[in-house]
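Q: I am new to this structure and would like to learn how to read its features one at a time. Could you take me through it slowly, giving the general idea before the particular case?

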Protein chains: 2
Amino acid sequence: MTGSEDTPALRELAAHYQSMPPVVAIQARIAGYDGERLHLQAPLAANVNDKGCAFGGSLSSLMTLAGWGLVTLRLQEAGLEAPVYVADSNVRFRVPLFADLHAEAWLQEGDWDSACADLRSRGRASLMIASRVGPGDGSASAVGSARYVAMLG
Amino acid sequence: MTGSEDTPALRELAAHYQSMPPVVAIQARIAGYDGERLHLQAPLAANVNDKGCAFGGSLSSLMTLAGWGLVTLRLQEAGLEAPVYVADSNVRFRVPLFADLHAEAWLQEGDWDSACADLRSRGRASLMIASRVGPGDGSASAVGSARYVAMLG
């Protein structure tokens, strides 16, 4: 994470991740955030399977964490403190990944303002988040699509 | 795993799992196998999220491992040694899981004999595997459906 991205919100998200043993285990860390996309990274060594490439479950987990983090950050920026849950998740595994894991997540459909309005007026918002994970060269070893739900108190 | 289920094939599968750092991290272990369903377990403590319940990524991972293990075992029983890959995965998260994770996987469609015949004749087989994970009382906190592909050298 570069210095310019080291905001209080990102530090809080990083602390959230670090409070979760399975996230510590895969050594996931925040690698960047530009307001639209959240990037996470994890080393291959902590996520390798019996074939020497990344375990599919780790690819899914890193994409899930990126999507969850993105939704959490955007709601916080809108002044909304609501727990966020993953409701469903689809992942397509394209090619084995023999390198460190680079994941990113972004809003797949709809817009943040409408979601925030839903959360304020109805106490609930649903967001479709796209994600991908690969070696960091722009190619995707796996692509994901997941729905996250935020609910006020 | 009870003594009656402690076969050489299950010991080999357990060793496979133990060779994967992310699987060791979530403390997944084989809990039973009757030829049709493979059961895995993992402790909540190693898989807990910031809300005190099981991390969605861990639920997905345990179901993926159960499916992968089931396909690997059934192919081995048919005398086929082929690497098995997860091709795509869909998971629906129903309710938070505040207990140790119990996952099971079974064949969702088709039959094993046809898949083995495909693998022998065409060098490739595709299998749809259903899975679920919950507290071990028969209820499901998450349900999954995933396609696994096996390919001969």
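**Reading the model step by step**

A: In this predicted model, residues 24 or more positions apart account for 67% of the contacts in chain A with a separation of 6 or more.

Q: Which elements make up chain A, and in what order do they run from the N terminus on?
A: Chain A has four helices and six strands, and when they are followed from the N terminus the order is α-α-β-β-α-β-β-α-β-β.

Q: What radius of gyration does chain A have, and how does it stand against that of a compact globule?
A: A compact globule of 153 residues would have a radius of gyration near 15 Å, and because chain A has 15 Å, the two agree. Along the principal axes, the C-alpha atoms of chain A fill a box of roughly 50 × 30 × 25 Å, and 43% of the 153 residues of this chain count as buried.

Q: How should I read a sheet, and what is the order of the strands in this one?
A: Strands of a sheet pair through backbone hydrogen bonds, either parallel or antiparallel. Here an open sheet of twelve strands, with antiparallel pairing, has the order β1(A)-β2(A)-β4(A)-β5(A)-β6(A)-β3(A)-β3(B)-β6(B)-β5(B)-β4(B)-β2(B)-β1(B). β1 of chain A and β1 of chain B are the edge strands, each of which pairs on one side only, and from one strand to the next the twist averages 25°.

Q: Which residues can I use to follow the pairing of β1(A) with its partner strand?
A: Four bridges hold β1(A) against strand β2 (residues 38-42) of chain A in the antiparallel sense, and one place to look is I30(A), whose bridge partner in β2(A) is L40(A).

Q: Is β4(B) largely enclosed or largely open?
A: Five of the seven residues of β4(B) are buried, so this strand is largely enclosed by the rest of the structure.

Q: Where does the sheet pass from one chain to the other, and which strands meet there?
A: Strand β3 (residues 84-93) of chain A is joined to β3(B) by five bridges, and the two run antiparallel. Within this pairing, V91(A) stands opposite S89(B) in β3(B).

Q: How many residues does each chain give to the contact, and which elements of chain B take part?
A: The contact takes 30 residues from chain B and 30 residues from chain A. On the side of chain B that touches chain A, the elements giving two or more residues are α2 (21-25), α3 (56-77) and β3 (84-93) of chain B, and β3(B) gives the most, with eight residues. By class, this side of chain B has 14 nonpolar, twelve polar and four charged residues.

Q: How are the two copies related to one another?
A: Two copies of a chain are related by a rotation about an axis and a shift along it. In this case a rotation of 180° with 0.0 Å of shift along its axis superposes chain B on chain A, with an RMSD of 0.0 Å, and that is the relation of a two-fold axis. The same surface serves both copies, as 100% of the contact residues of chain B recur in chain A. Of the residues of chain B, N90(B) comes closest to the rotation axis, with its C-alpha at 2.2 Å.

How values were computed. Residues are numbered from 1 along each chain as its sequence is written. Chains are lettered from A and ligands numbered from 1 in the order in which they are written. This is a predicted model: local features need pLDDT of at least 70, side-chain atom pairs count only at pLDDT 80 or more; totals for chains, interfaces and linings use all residues. Two residues are in contact if their C-beta atoms, placed from the backbone, lie within 7 Å. Ala, Val, Leu, Ile, Met, Phe, Trp, Tyr, Cys and Pro count as nonpolar, Asp, Glu, Lys and Arg as charged, and the others, Gly among them, as polar. Two strands pair if DSSP finds at least two bridges between them. Copies are superposed by least squares on the C-alpha atoms of residues with pLDDT of at least 70 in both. The radius of gyration is taken over C-alpha atoms; the globule rule is 2.2 Å times the number of residues to the power 0.38. A residue is buried if 20 or more other C-beta atoms lie within 10 Å of its own, exposed if 12 or fewer, and partly exposed in between; C-beta atoms are placed from the backbone. Axes are lines fitted to C-alpha atoms, for helices over the stretch in contact, and angles run from 0 to 180 degrees between N-to-C directions.
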